[in-house]
Amino acid sequence: MCGLTGCWTKKADSTLRASVKAMSQMLYHRGPDDGAVWVDEPEGIGFGHRRLKVIDLSENGAQPMHSACNRYVLVLNGEIYNHHKMRAELEAHGHAPNWRGHSDTEILLAGFVAWGVVATLQRAVGMFSLALWDKKERRLTLGRDRFGEKPLYYGWLGKGNKQTFVFGSELKSLRAFPNFDNPINHDALALYFRFSTIPAPYSIFQDIFKLEPGHVLILQNEGFNHRAIKIEPYWQLIDAVNKGASNLIEDEIEAIERLDSVLRDSIEQQSVADVPLGAFLSGGIDSSLITALMQDQSNSPIQTFTVGFDETAFDESPYALAVAKHLRTDHNELRVTSKDALNIIPNLPELYDEPFADSSQIPTYFICKSARQKVTVALSGDAGDELFGGYNRYFWGRRIWNKFAWLPSGSRRVLGRGILSLSVDTWDAMNYILPSHYRVTNLGSKAYKMAYRLEQVENLDDLYRSLVMLWPEGKSIVKHSKKLTTLLDDANIVKNISEAEQRMMFWDSLTYLPDDILTKVDRAAMGVSLETRIPFLDHRVAELAWRMPLHMKLRDGKGKWALRQLLHKHVPSDLIERPKAGFGIPLGQWLRGPLVDWVESLINEERLQSEGYLNSTLIRETWKQHLSNRYDWPHELWSVLMFQAWLDNVR
């Protein structure tokens, strides 16, 4: 796990090395063990790399790395889990160079020489972003893993002869290039307020983009403009979806056995490291299953990590402890007080580097910090929700829509007002009247979210899109912005997916997973120099998930049926069967309480008006409603606060 950066400039001079070194140094946290810079001044190209040593700790794994034939130069961020198999294939067909070490970077380079870039990436199982310079063809290639576990930004700085193409693992490395002055993209900012994050391919800055997952970018012969870039996919989830639909596994026993096999293989590959390794454990289905299979393959207790909170409604540590005791792991629990959590908030803009407003970024940071005290690599249960149907919206969405679809929009509006007539606390109290399997964490907040959308949707897909949006589209929060299209606006991409719930899972896998979940985990982990690995995102696991019919995911009002069946072989059901909860914090309470002064400092009306980005009237009214305690707008307000704090950080 590392950080990479670089540039290709039209007019290089003796300052090129210093510029790349400055860019690279901004990524020190991603790779504190080593760092190096390579430049070809006549070509105007330069790579910078920061290294976190995980595989081949010797200097033979150092980057930037040259191929044995000296044609290619590579910087890699991530891990290729099947590099041993790729090495064996190269050797079997006479394509192996004289190996210097056993790093996956060296093996990837040999693959590029033997098979080409795309064919090599299609063979690779892993998480990565990379930059490759072809000296012979004067070609720069950027690549990103299939699901977007590792980030990669790129774009243009300057104009005319001073124009430079830059790239890097985080925006802070691009901003370190001399005279960076790209303005904020108002249209992308509007997307941020819709989704709490800025979806690929956009970024917060004009002319700076994110490479989309599963794609390669090619820039050749100093084509320093948008039209000169060629971007193409080497793997697409929709292909796996379509292939799976035509080859469904109908037998439940066979499906569970195949899931067990492919998940074990993924965990086995991802448990290879030359440094200490452990696992996150929340006590939920996904992390418990990863931990159970990981422990089953280990001859000694594995290290597991969880975070506990004083606020019992948000504290899942007792569940994690129960699972850890049953599996006999070496369990570690970090107790986090509200003061601890509040103290980290000022560091979030620097840590996340781009406006990002998923408030579970706070507990995610703490669990990464806890793990890094004992291990360098941690396995995570992320992506089980998107692939196997874990989110509440998958099994509540249709129920809700079926109850209200027959109502005309005017009647839905009245119903929405009725929901808002009860306070958030009242809705939360009513939650406990429901049978346990119908209870929903933070019912009040979710009821309010639903109320404001009842009049806006015309079908179940509309309902899904409204549920994943933060600020309703009708509320214009960003001044001088126009709507940018995203994958959620492309109905054609899901036209062959007949079931609405499967469409939700597909959209979530394309958007929410890489843009929110994986961004959150990457920045939190790399902020403390921890490598995280996600066994569910082995593409073979994902392809198998799409061969499972919907009833093997959603059943009896619950999600992740297949994962539950597999987990029950290792952990008693009573230890993990409970209402799904997010990795949350009591954000609404904090905003009304200990954070009030901080909030006011960031969103006072004079400041908002002078900056000119946001609708101050709307924000102040939302804040006033939240303070009244009759309304609950923690996440909407958090998005504003994280942008305002980010502004302070980049000025």
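**Sheet, cavities and a helix face**

Mentor: In this predicted model, 7 bridges join strand S1 (residues 2-9) to strand S3 (residues 45-51), and the two run antiparallel.

Trainee: What makes S1 and S3 a pair?

Mentor: Pairing takes at least two bridges between two strands. S1 and S3 are joined by 7 bridges, so by that rule they count as paired.

Trainee: Which strands make up the open sheet, and in what order?

Mentor: There are 6 strands, in the order S2-S3-S1-S9-S8-S10. Their pairing is antiparallel.

Trainee: Why are S2 and S10 called edge strands?

Mentor: Strand S2 (34-40) and strand S10 (208-210) each pair on one side only.

Trainee: What is the volume of the largest cavity, and which residues lie nearest its centre?

Mentor: Its volume is about 140 Å³. The lining has 17 residues, and Tyr153, Lys210, Glu354, Thr519 and Arg523 lie nearest the centre. Helix H21 (residues 512-526) gives the largest share of that lining, 4 residues.

Trainee: How many residues of each class line the largest cavity?

Mentor: The count is 10 nonpolar, 2 polar and 5 charged. Tyr counts as nonpolar here.

Trainee: What about the second largest cavity?

Mentor: Its volume is about 120 Å³. It is lined by 15 residues, with Cys2, Ile55, Gln63, Asp104 and Thr105 closest to the centre. Strand S5 (72-80) and helix H3 (104-115) each supply at least two lining residues. The largest share, 3 residues, comes from S5. By class, the lining of the second largest cavity has 6 nonpolar, 5 polar and 4 charged residues.

Trainee: Which residues of helix H1 (residues 16-25) are buried?

Mentor: Leu16, Ser19, Val20, Met23 and Ser24. Buried means under 20% relative accessible area.

Trainee: How do you know that the buried residues of H1 line one face?

Mentor: Look down the axis of H1. The buried residues fall within an arc of 135 degrees, so they line one face of the helix.

Trainee: Which exposed residues does the face turned away carry?

Mentor: Ala18 and Lys21. The cut-off for exposed is over 50%.

How values were computed:
Residues numbered from 1 in each chain as written. Predicted model: local features only at pLDDT ≥ 70, side-chain atom pairs only at ≥ 80, totals over all residues. Heavy atoms only, no water. 1 Å grid on protein atoms, 1.4 Å probe; cavity = no way out; pocket = protein on both sides within 12 Å on 5 of 7 lines; lining within 4 Å. Points joined across faces, edges and corners; volume = space filled by probe spheres on them. Buried < 20%, exposed > 50% of the residue type's maximum accessible area, 1.4 Å probe, protein only. Arc of directions from axis to C-beta.
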